[in-house]
Amino acid sequence: MQGYSAMVGELDRQRTELERIRKALSQLTSRATSHDRLVAVTVDARGLAVDITIEPAALRRYRADQLSTLLTTLIAEADTALRARSAEVLSAATDLRIDYADARLDGEVSDDES
């Protein structure tokens, strides 16, 4: 029974760790800013733009098509950075190896013992 208790304890630990990782991933955001600091975007964990900051000077500096391209580029940059951070968080989960051998009984149970 000690083997079973240890296995259940390990599964509980892994479940808790996976929940922590899921929560950390869902709360990630990433921000990218233009070189001139006039435009910035923030994306959420799903890669969706959740904040766009455009300084008034950007409206004088960029034509509409340039601003559109800049925004698209910044969103892509923020999303790329977010994916890298997600990979870092997930790499911490590599020690959550589940070994199905742990689920077997320590000794064989014969039919006449059951």
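In the predicted model, the side chains of arginine 15 and aspartate 12 are joined by a salt bridge with an N to O distance of 2.9 Å. Both residues belong to helix α1, where a spacing of 3 residues places them about one turn of the helix apart. Arginine 15 is exposed, because its relative accessibility of 54% lies over the 50% limit, whereas aspartate 12, at 38%, is partly exposed.

Glutamate 10 has a relative accessibility of 30% and is partly exposed, as is arginine 13 at 35%. Glutamate 19 and arginine 22 form a salt bridge in which the closest N and O atoms are 2.6 Å apart, again with a separation of 3 residues within helix α1. Glutamate 19 is partly exposed at 39%, and arginine 22 is partly exposed at 45%. The model contains 8 salt bridges in total.

Strands β2 (residues 39-43) and β3 are paired in the antiparallel sense through 5 bridges. In the hairpin that they form, 5 residues lie between the strands, and glycine 47 adopts a positive phi near 85°. Valine 41 has isoleucine 52 of β3 as its bridge partner. Isoleucine 52, located in strand β3 (residues 49-54), is partly exposed, with 44% relative accessibility.

Terms used:
Residues numbered from 1 in each chain as written. Predicted model: local features only at pLDDT ≥ 70, side-chain atom pairs only at ≥ 80, totals over all residues. Heavy atoms only, no water. Helix = DSSP H or I, 4+ residues; strand = E, 2+ residues; numbered from the N terminus. Buried < 20%, exposed > 50% of the residue type's maximum accessible area, 1.4 Å probe, protein only. Pairing = 2+ DSSP bridges. Salt bridge = Lys/Arg side-chain N within 4 Å of Asp/Glu carboxyl O.
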